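Please keep the sequence and the structure in view while reading.

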Amino acid sequence: MDKTLPNVNAELFTDDSLTVPGVVSTWTHKPRILLLYGSNRERSFSRLMVEEAARLLEHFGAETRIFNPSGLPMPDDAPDGHEKVQELRDLMMWSEGQVWCSPERHGSMSAVFKAQIDWVPLALGAVRPTQGKTLAVMQVCGGSQSFNVVNQLRVLGRWMRMFTIPNQSSVPKAFLEFDEAGRMKPSSFYDRLIDVMEELVKFTLLLRERSDFMVDRYSERKESAEELSRRVNQRSI
């Protein structure tokens with residue numbers, strides 16, 4: 001993937017610029033960002049959008065991986081051990097932040113995109129694969145600008161216990177915003193994409209230091225304590 005960036009009028013932040021003021025990090029690896037898109041078309045604008053996002057994220061100092069949904073079965077139509085299902089779940093566990101981008105179809109996110117999330121359970125054993133991770137949401141439109149999909153993705157992110165950043169991107173008439181090589185043209189929409197990815201990296205750097213503390217819940221601590229008590233009682237019988 002070509003990692004060059006379109007011409008911009010202002011200097012972009014780098015990974016050195018995106019240190020969190022007042023926070024001494026104990027993490028030695030780059031922020032890990034997983035990107036998902038929602039179309040299997042040969043010229044998928046949601047894929048082109050996340051590829052452009054990945055270039056920016058890597059410029060900001062993040063490590064990125066893009067999941068290709070082609071070949072992923074419909075939810076419950078294959079065993080959990082299916083190769084594509086395991087690939088997706090492994091990437092979910094690997095990531096510290098995510099970017100979700102879907103085309104709008106009939107006023108909603110695409111089935112291709114929703115199927116990816118539906119394959120990810122709220123818990124894998126004792127581990128919640130998405131809890132406490134940061135999330136940026138985007139959509140591409142075939143016609144006029146809409147916010148139906150990003151609004152739905154925000155609900156979905158909350159359900160998956162993720163921290164969805166305030167900024168977002170919705171690109172109308174996406175077929176006009178990419179050149180023949182599949183690169184996004186300089187525009188206000190590209191500037192917004194820069195804003196969103198910059199914000200995602202900042203939130204990821206800030207929250208990954210504290211994610212365990214932020215998602216710690218009384219009800220779950222209570223449930224764990226009761227389960228431990230039951231096990232102790234069973235052993236003493």
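A nonpolar core is here a set of buried Ala, Val, Leu, Ile, Met, Phe, Trp, Tyr and Cys residues joined through side-chain atoms within 4.5 Å. The model is a predicted one.

## Nonpolar cores

The largest nonpolar core holds 30 residues, and those that touch the most other members are Leu 35, Met 49, Leu 57, Val 99, Met 138, Leu 193 and Met 197. Two or more residues each are given to this core by strand 1, helix 1, strand 3 (97-105), strand 5 (134-140) and helix 5 (188-207), with helix 5 supplying the largest share, 8 residues. Another core, of 22 residues, lies apart from the largest one and includes Leu 34, Leu 135, Val 137 and Val 149.

Leu 57, leaving aside its neighbours within four places in sequence, is in contact with Ile 33, Leu 35, Ala 62, Thr 64, Val 99, Met 197, Leu 200 and Val 201.

## Strand pairing

Strand 1 (residues 32-37) runs parallel to strand 2 (residues 63-67), the two pairing over 5 bridges, and Arg 32 stands opposite Glu 63 of strand 2. Together with helix 1 (residues 45-59), these two strands make a β-α-β unit that is right-handed.

## Cysteines

How many disulfides does a search of the whole structure find? The search finds 0 disulfides. Cys 101 is in none, the nearest cysteine sulfur being that of Cys 141; because the sulfurs of these two residues are 9.4 Å apart, they are too far for a bond. Cys 101 is buried, at a relative accessible area of 0%, and Cys 141 also counts as buried, at 5% relative accessibility.

Terms used. Residues are numbered from 1 along each chain as its sequence is written. This is a predicted model: local features need pLDDT of at least 70, side-chain atom pairs count only at pLDDT 80 or more; totals for chains, interfaces and linings use all residues. Side-chain values use heavy atoms; hydrogens and water are left out. Two strands pair if DSSP finds at least two bridges between them. Helices (H or I, at least four residues) and strands (E, at least two) are DSSP runs, numbered from the N terminus. A crossover is right-handed if, with the strands pointing away from the viewer, the path from the first strand over the helix to the second runs clockwise. A disulfide is a pair of cysteine sulfur atoms within 2.5 Å. Buried means under 20% relative accessible area, exposed over 50%, partly exposed in between (1.4 Å probe, protein chains only). Contact means heavy atoms within 4.5 Å.
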